[in-house]
Amino acid sequence: MALYEHVFLARQDLSQSQVDALAAQATEIIESNEGKVTKTETWGLKNLAYKIDRNRKAHFVLLNVEGPGSMVAELERQIRINEDIIRYMTIRVEEHEEGPSAMMRKNERDSKKRRERSDRGDD
């Protein structure tokens, strides 16, 4: 089975539960097409470098996927139809990254720095 990383950006006005429902929907599509999701990460609401369909921010979600190429074609076809998803990208990889992704590690580092700053009392 081939390994893929699939990232999609959901509209900024969606709630977190709606974003989770989109990830669950993508997982359902993958599993119904003989694929398997090995990891799901929600990176949260982030600023975009430029506006996409009048959105300045988007919810980012990563899925590590295992499956045949036909599964990717069906997933992308379904996502193209969905109005809540403004961008997506699927990349074939040699192996999946173990542990949290680079984005999750960055979020942890940033929150740790904020906690340290607030503990010191810096302004």
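The structure is a predicted model, in which local features need pLDDT of at least 70, side-chain atom pairs count only at pLDDT 80 or more, and totals for chains, interfaces and linings use all residues. Residues are numbered from 1 along each chain as its sequence is written, and side-chain values use heavy atoms, with hydrogens and water left out.

**Salt bridges**

- The count comes to four salt bridges, a salt bridge being a side-chain nitrogen of Lys or Arg within 4 Å of a carboxyl oxygen of Asp or Glu.
- A network of salt bridges links R11, D13 and D84.
- Helices (H or I, at least four residues) and strands (E, at least two) are DSSP runs, numbered from the N terminus.
- D13 is exposed, with a relative accessible area of 54%, whereas R11 is partly exposed at 23% and D84 is partly exposed at 24%.
- In these terms, buried means under 20% relative accessible area, exposed means over 50%, and partly exposed lies in between (1.4 Å probe, protein chains only).
- E74 and R77 also form a salt bridge, at 3.0 Å from N to O; both residues lie in helix 2, three residues apart, about one turn of the helix.
- E74 is partly exposed at 22% relative accessibility, and R77 is partly exposed at 38%.

**Positive surface patch**

- R109, K112, K113, R114, R115 and R117 form a positive surface patch.
- Patches are made of residues with over 30% relative accessible area and no salt bridge, like charges being joined within 9 Å; Lys and Arg count as positive, and the place of a charge is taken as NZ of Lys or CZ of Arg.
- R117 lies in helix 3 (residues 102-120) and is partly exposed, at 40% relative accessibility.

- M71 lies in helix 2 (residues 69-81) and counts as buried, at 0% relative accessibility.
- Leaving aside residues up to four places away in sequence, M71 touches Y4, I30, N33, G35, V65 and E66, where contact means heavy atoms within 4.5 Å.
- M71 and E31 are 40 residues apart along the chain, and their C-alpha atoms are separated by 8.6 Å.

Methods:
Patch = residues over 30% accessible without salt bridge, like charges linked within 9 Å, V, L, I, M, F, W, Y side chains within 5 Å. Areas by Shrake-Rupley, 256 points an atom, 1.4 Å probe, with all protein chains shown as cover.
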